[in-house]
Amino acid sequence: MSKTFFKPGTLLGPVPAVMVSLGEGDKKNIITIAWTGIINSDPAMTYISVRKSRHSYSILKETGEFVINLTTEDLAKATDYCGVKSGRDVDKFKEMNLTPGKCQEVKCPLIEESPLSLECQVTEVKELGSHDMFMAKIVGVNVSDELIDEDGHIALDKAHLLSFIHGEYFGIKKYPIGKFGFSVMKPKTRKRINRQTNNRYRGNQKRG
């Protein structure tokens with residue numbers, strides 16, 4: 001396979017397009033972030049990278065808390081709006097008809113319309129250049145009840161999540177190629193897992 005070389009750039013994708021809620025009361029705000037991810041599992045830790053010029057930057061430095069709200073295809077317009085508009089000028093909750101909800105472990109609000117919200121407390125801030133990275137411990141997870149199946153498992157495949165690839169938003173609708181570890185499963189185990197997956201996705205299609 002031939003390849004063309006390019007100068008360094010942020011061409012990793014797809015990445016999540018999330019709405020980060022922060023602040024309290026009249027100072028609450030939403031900022032759309034694509035530079036985010038998991039950086040540790042025990043303790044559960046994540047990060048967001050934010051430019052110093054953004055309105056949310058000073059709020060983050062002051063409070064040390066934020067909520068990562070996963071986004072869906074239905075939230076695509078709100079996700080984009082909260083990325084291009086500044087909280088200095090508009091109330092993004094009001095303009096996009098988003099509902100601030102109460103968190104359990106942090107003071108800032110979550111977004112009720114989001115299918116899953118991660119409550120986060122900042123542990124360290126690293127200056128990197130264009131952005132500062134806010135590393136944080138995940139101190140709570142809020143999941144929409146309709147995404148929890150009868151066995152208590154979280155079925156995020158039902159959420160129609162949104163992703164971001166080099167300036168464009170995409171839905172995630174494809175049938176799964178495989179389950180973690182499928183490359184080394186015994187044939188009998190692979191067959192059983194595939195059957196369970198097929199049944200689950202057929203059920204989702206009927207309900208959807």
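Student: Where does V50 lie?
Tutor: V50 lies in strand β5. Strands (E, at least two residues) and helices (H or I, at least four) are DSSP runs, numbered from the N terminus. Keep in mind that this is a predicted model, where local features need pLDDT of at least 70, side-chain atom pairs count only at pLDDT 80 or more, and totals for chains, interfaces and linings use all residues. Residues are numbered from 1 along each chain as its sequence is written, and side-chain values use heavy atoms, with hydrogens and water left out.

Student: Is V50 buried or exposed?
Tutor: V50 is buried, at a relative accessible area of 1%. Buried means under 20% relative accessible area, exposed means over 50%, and partly exposed is in between (1.4 Å probe, protein chains only).

Student: What does V50 touch?
Tutor: Not counting residues up to four places away in sequence, V50 touches I31, I33, Y57, L60, H131, D132 and F134. Contact means heavy atoms within 4.5 Å.

Student: And how far is V50 from A34 in space?
Tutor: The two are 9.8 Å apart, C-alpha to C-alpha. In sequence, V50 and A34 are 16 residues apart.

Student: Which residues touch the most other members of the largest nonpolar core?
Tutor: V20, I48, V50, F66 and I68 do, in a core of 22 residues. A nonpolar core is a set of buried Ala, Val, Leu, Ile, Met, Phe, Trp, Tyr and Cys residues joined through side-chain atoms within 4.5 Å.

Student: Which elements supply that core?
Tutor: At least two residues each come from β2 (18-22), β3, β5 (44-50), α1 (55-63), β6 (65-69), β9 (116-127) and β10 (132-143). There is also a second, separate core of 10 residues, which includes L75, Y81, F93 and L98.

Student: Why would residues like that gather?
Tutor: In soluble globular proteins, nonpolar side chains tend to be buried together.

Student: What is V20 in contact with?
Tutor: Leaving aside neighbours within four places in sequence, V20 is in contact with N29, I30, I31, I33, I48, F66, V67, I68 and N69.

Student: New topic: the sheets. What order do the seven strands take?
Tutor: The order is β3-β2-β6-β9-β10-β5-β4, in an open sheet with antiparallel pairing. Two strands pair if DSSP finds at least two bridges between them. The edge strands, β3 and β4 (36-41), each pair on one side only. The twist averages 35 degrees from one strand to the next.

Student: How many bridges do β9 and β10 share?
Tutor: They pair in the antiparallel sense over 11 bridges. In that pairing, S117 stands opposite N142 in β10.

Student: Which helix packs on the sheet?
Tutor: That is α2 (residues 76-84), which touches β2 and β3. The direction of α2 makes about 100 degrees with that of β3. Axes are lines fitted to C-alpha atoms, for helices over the stretch in contact, and angles run from 0 to 180 degrees between N-to-C directions.

Student: What about the open sheet of three strands? What's its order?
Tutor: It runs β1-β11-β12, with antiparallel pairing. The edges are β1 (15-16) and β12 (168-171). β1 pairs with β11 (residues 162-165) over two bridges, and V15 stands opposite F164.

Student: Back to β3. Is T32 buried or exposed?
Tutor: T32 is buried, with a relative accessible area of 15%. T32 sits in strand β3 (residues 29-33). Apart from neighbours within four places in sequence, T32 is in contact with V18, M19, T79, C82 and G83. The T32 side chain reaches the backbone nitrogen of G83 at 3.3 Å.

Student: How many salt bridges are there?
Tutor: The count is three. A salt bridge is a side-chain nitrogen of Lys or Arg within 4 Å of a carboxyl oxygen of Asp or Glu.

Student: Which residue does E127 bridge to?
Tutor: K52, with the closest N and O atoms 3.8 Å apart. E127 in β9 and K52 in the loop between β5 and α1 are 75 residues apart. E127 counts as exposed, at 62% relative accessibility, while K52 is partly exposed at 45%.

Student: And D132, buried or exposed?
Tutor: D132 counts as buried, at 1% relative accessibility. D132 also meets K52 in a salt bridge, at 3.1 Å, N to O. Shared partners join K52, E127 and D132 into one network.

Technical notes:
Polar contact = N/O pair within 3.5 Å; in protein donor to acceptor, adjacent residues only side chain to side chain.
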